[in-house]
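This briefing covers the chain contacts, the domains and the nonpolar core of the structure shown below.

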Amino acid sequence: MNHRDLFSGIAFLIIGITIVWMGKDFFADAAYVPIGVGTLMGAFSLPLIWRGMKSVLAAHATTDSAAGSNTTTHPAPALVDHPARFTTTLSCCLVYYAALPIVGFYTTSALFITLLAVLLGERRPAVVTGIALGFITLLYALFAVVLKRPLPVEFFLAS
Amino acid sequence: MFESLLNALPVVLQFGSLISLFVGTLIGILIGALPGLNPVMAIALMLPLTYGFDPIIALGLVAGIYNGSMYGGAIPAILLNIPGTPAAIATTFDGYPMTRKGEGGLALKTACWSSAIGGIVSALALMTLAPMLAKVTLAFGPAEYFWVAVFGLVSIAVLVGKDVSKGMLSALLGVIIGLVGVDAISGEERFTFDTLYLVGGFELLIVLIGLYAVPPVLEMAERRNESYFNADSFRAKPSGGSLGLLRRHWRTWSRSSLIGVAVGILPGAGGNLAALLSYNEAKRKATDSETFGNGNPVGIAAAESGNSADNAAAMIPSLTLGIPGNLIAALVLGALMIHGLQPGPQLFTRSPDVVFGFMWQMLLTAMLLLLLGGMVATRLFAQVLRMPSALLVPTTLVLMAVGVYTVNGNVTDLYVMLAFGLAGYLLNRLGFPLAPVVLGVLLGPMAEQNFRLTMLIAQNDWTVLFTRPISLGIVALLAVVLLSQAWKTLRQRPRPAAHPGRQ
Amino acid sequence: MKTTLLLTTVTVSALAFTQAMASDYPNRPIEVIVPAPAGGGTDNVARMLNQYLEAELGQPVAVLNVAGGGGAIGVNQFSRARPDGYTLLSTWNSPITTVPHMQRVQYSYETLTPITSTSQSAYTLCVAPDFPAESGEEFLAELQANPGKYTYGNDGVGGTMRLAAERIFEAYDITARPIPFGGAGETLQNFLGGHVDIYGGSITPVLPYVEEGQAKCLLVTSADDNEALPQASGLAALGHPELETVLWRMMLGPEGMEEARAEAVADAVARAVEQPEFQAFLAAQGETLNLVRGEALHERLKQETQAIGGTLENLGLKQQ
């Protein structure tokens, strides 16, 4: 937690300074709020950095004197609980978004649901295909038939 | 006036009108429940189909979709943390935690009742006070809008939680997100980094879906093996009947409905502001304010009655003055014009049946919510949570993708949504509250624009901010809120310091 | 009897079939990008027109609202669309002829395929009943005599209304303070509430207040006078017809769209606007039909772009 406060504080300080630096070039009254917001952001990041530094130093002191007494400070929740599943989900999303305009909405979505479900550990083929097809049919009925909203055209229909 | 109201009633109770109310409300709930599909789009699509009919039928559909969608937006907000419409953002604060605790059924029921009550109060205000409230609308110039925005921003003090600097940083981050794009007053590009995408700024719904809906999906994906929801809740009947709800929430409902109506008569302010202000007020007034954000049904009651009370009230400036309060009001005006009715002060005297009929329809559809909302929402949508989470994750992601895509028909928006999702996930994990971000995005630009408009009009004489009577009134109210909050904080000081747990 | 009927059906369908073979366009739904939010004037007219266009083209026509950036966001997105005729643009003039002078955009009037213009309407300048002027001439004289005193609400930086006003003010050497609002509705609200002195915007919203005597409109930005506003002078009556700046609407295709397809759409529009319901609708909106297509439309866009570029340069608003 301590390191995180320190680092997020520094990150916000940098953002704040950048905003002020960019904001000062804006024309007259368009600059007021960016400069103000950037300054405030810098100001509020300082207590965070201060707190972070203090507790980092304190943690150092305690580990030096009595190793293992860390249990009294709250162990922060991990930043990412399960990195493998996290990155799988993210990369599937990216591939999905990239394929949408090329392959078409309904095809890509059906493939995406099936693939991600399997990758996340669903192993019953009937359940996966059933829900994927049912859901896509529902979306098709709603968007294409009822609402006539244009979604990316399927590759086999494009002219 | 009351005579005209009564005369219009038989028109509304005709078979065709009743059908349109029923169908409209049903469509509205569905539309609201699907992120990205908004009532504006639905009404714009439906209206041309009704040109051949009596205007009262078209307006019945509008009233139904309008009120229905306001409740519909709460359904994905409660079940999946996805704000179905931007106005449902405050509903996610307590709705989703309730679902995870296994109280989703109660949350939906509370939302349904709250929406109905808010809608009814708002419709009654429209029926009885419209001409009077219209005068208030005109009295609000840029200076007053500025103070309304500041009032909302100050309530960040209520939303920040225990860690003040983190809360403020979140809010400031929100303001910066809101500043991106072409400045409406000088025409200058700000923070666009020379990319064309950023010239128009960020679309509110995309930011909200990203920040709020993506992180829980990622968490769900990570913990496939543990149960993410306490899913038994939808089989059991929510504890306490409707009377219990009424006893528990009537104070919140009446306060939030008043706030909603007040925000509604200001064109351009919108249901999201109404919901956030109501939520803050409820939290400020509550004795157990620390349970807000962890699944307190009062939070849902406040947010939902607030945003629904905005609905009919937003029609006041459009029907009485011909000034559309929001996009839906603009569509209603368009529809009236197509039917040969000129909006404006003469509308009430020239076609009372249509105007007063529409008011009745707003009232009736708010009541219909109680009947249709419970039926559709709990029976149909709640089943979604029974899906195995390995499938719930990808289907939710597809739903968000289609929702975000239909806003502008632009694939880049999807990447932006994902980026905001990652940012939201990170902020969550680092202990930064997300609610102030939303408030900053919404109110920062509103405060800025109106401040600068005031200065333009008054030629940089800032005293106008305090000399106008309404401005002064809002400033006084602001002082009262701030002082009472400070008093409350001081009184709570002596307590033992609470553990800095996760927000 | 029956045979003739059958025969005619067969011939008609055969004819329809060959025609379809000849052009084969459109054979699937068409998407029309409207670079303005749903519910605005541009959107209302586009949706109304689409209804009749659907019948003429024989395919569904869906509207996609892409608002923001004074219309530039939608047109930018549109300019990247495939020029197959299944994505069309329904816009008003400002995003094409004004915005490119002030923002970086990915298009210009040269890179878009002109199809046809549809309708146009003038803007008006109105004041409160106690304003010391009763005609267009007196109004301009009052403004001239009090530089910087009066505020006028308008549709924002680069908005057509503001430009229309500035062109007139420039010619008369007038300094009035522009207050940028989000559109005619917001301007009207602030005008009626007394927060700004002059209403600048489209005619329809302010009309009821003129009838009630709460506003008097003294100027319209078209060369001709406007029937609905008898007190207002047109620019020709003031001796400056060349200052005319009006709002007009058009349909455009992406760069490189086939001429035959553009023609097909323009023909369909020309037939659609003949519908009496559409014409009644336009009249209620205060707009008049105005069909200019193909090369002539390109020429009109070119001239307006250049004229506006000059005005913006004089105002110091042009971006390099």
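In chain C, 52% of the 320 residues are buried. The model is predicted. Its chain C is divided into two parts, domain 1 (25-120 + 247-315) and domain 2 (123-243). Chain B makes contact with chain A and also with chain C.

**Chain C overall**

- Chain C contains 12 helices and 11 strands.
- The C-alpha trace of chain C spans about 80 × 50 × 35 Å along its principal axes.
- The radius of gyration of chain C is 22 Å, which agrees with a compact globule, because a globule of 320 residues would have a value near 20 Å.
- Among the contacts in chain C with a separation of 6 or more, 75% are between residues 24 or more positions apart.

**Strands β1 and β2 of chain C**

- Strand β1 (residues 30-34) of chain C is mostly covered, with four of its five residues buried.
- β1(C) pairs with strand β2 (residues 61-65) of chain C in the parallel sense, over five bridges.
- Within this pairing, C:V34 stands opposite C:N65 of β2(C).

**Domains of chain C**

- The centres of domain 1 of chain C and domain 2 of chain C, taken over C-alpha atoms, are separated by 27 Å.
- Domain 1 of chain C gives 14 residues to the contact, and domain 2 of chain C gives 12 residues.
- On the side of domain 1 of chain C that touches domain 2 of chain C, two or more residues come from each of α5 (99-102) and α12 (294-315) of chain C.
- α12(C) supplies the largest share of that side of domain 1 of chain C, four residues.
- By class, the side of domain 1 of chain C that touches domain 2 of chain C has nine polar residues, five nonpolar residues and no charged residues.

**Contact of chain C with chain B**

- The contact joins 42 residues of chain C to 42 residues of chain B.
- On the side of chain C that touches chain B, at least two residues each are supplied by α2 (41-57), α3 (72-79), β7 (177-180), α8 (184-192), α9 (203-212) and α11 (276-284) of chain C.
- The largest share of this side of chain C, six residues, is from α8(C).
- The side of chain C that touches chain B is made up of 19 nonpolar, 18 polar and five charged residues.

**Contact of chain A with chain B**

- Here 47 residues of chain A are in contact with 43 residues of chain B.
- Two or more residues of the side of chain A that touches chain B come from each of α1 (2-23), α2 (32-65), α3 (83-103), α4 (105-119) and α5 (125-146) of chain A.
- α2(A) gives the largest share of the side of chain A that touches chain B, with nine residues.
- This side of chain A has 35 nonpolar residues, six polar and six charged.

**Nonpolar core**

- The largest nonpolar core has 293 residues.
- The residues with the most contacts inside this core are B:I43, B:V62, B:I78, B:L126, B:I209 and B:L331.
- Helix α7 (residues 104-139) of chain B gives the most to this core, 14 residues.
- Leaving out residues up to four places away in sequence, B:V62 touches B:G24, B:I43, B:V332 and B:A335.

Technical notes: Residues are numbered from 1 along each chain as its sequence is written. Chains are lettered from A and ligands numbered from 1 in the order in which they are written. This is a predicted model: local features need pLDDT of at least 70, side-chain atom pairs count only at pLDDT 80 or more; totals for chains, interfaces and linings use all residues. The radius of gyration is taken over C-alpha atoms; the globule rule is 2.2 Å times the number of residues to the power 0.38. A residue is buried if 20 or more other C-beta atoms lie within 10 Å of its own, exposed if 12 or fewer, and partly exposed in between; C-beta atoms are placed from the backbone. Two residues are in contact if their C-beta atoms, placed from the backbone, lie within 7 Å. Ala, Val, Leu, Ile, Met, Phe, Trp, Tyr, Cys and Pro count as nonpolar, Asp, Glu, Lys and Arg as charged, and the others, Gly among them, as polar. A nonpolar core is a set of buried Ala, Val, Leu, Ile, Met, Phe, Trp, Tyr and Cys residues joined through C-beta atoms within 7 Å. Domain bounds come from an automatic or database domain assignment. Two strands pair if DSSP finds at least two bridges between them.
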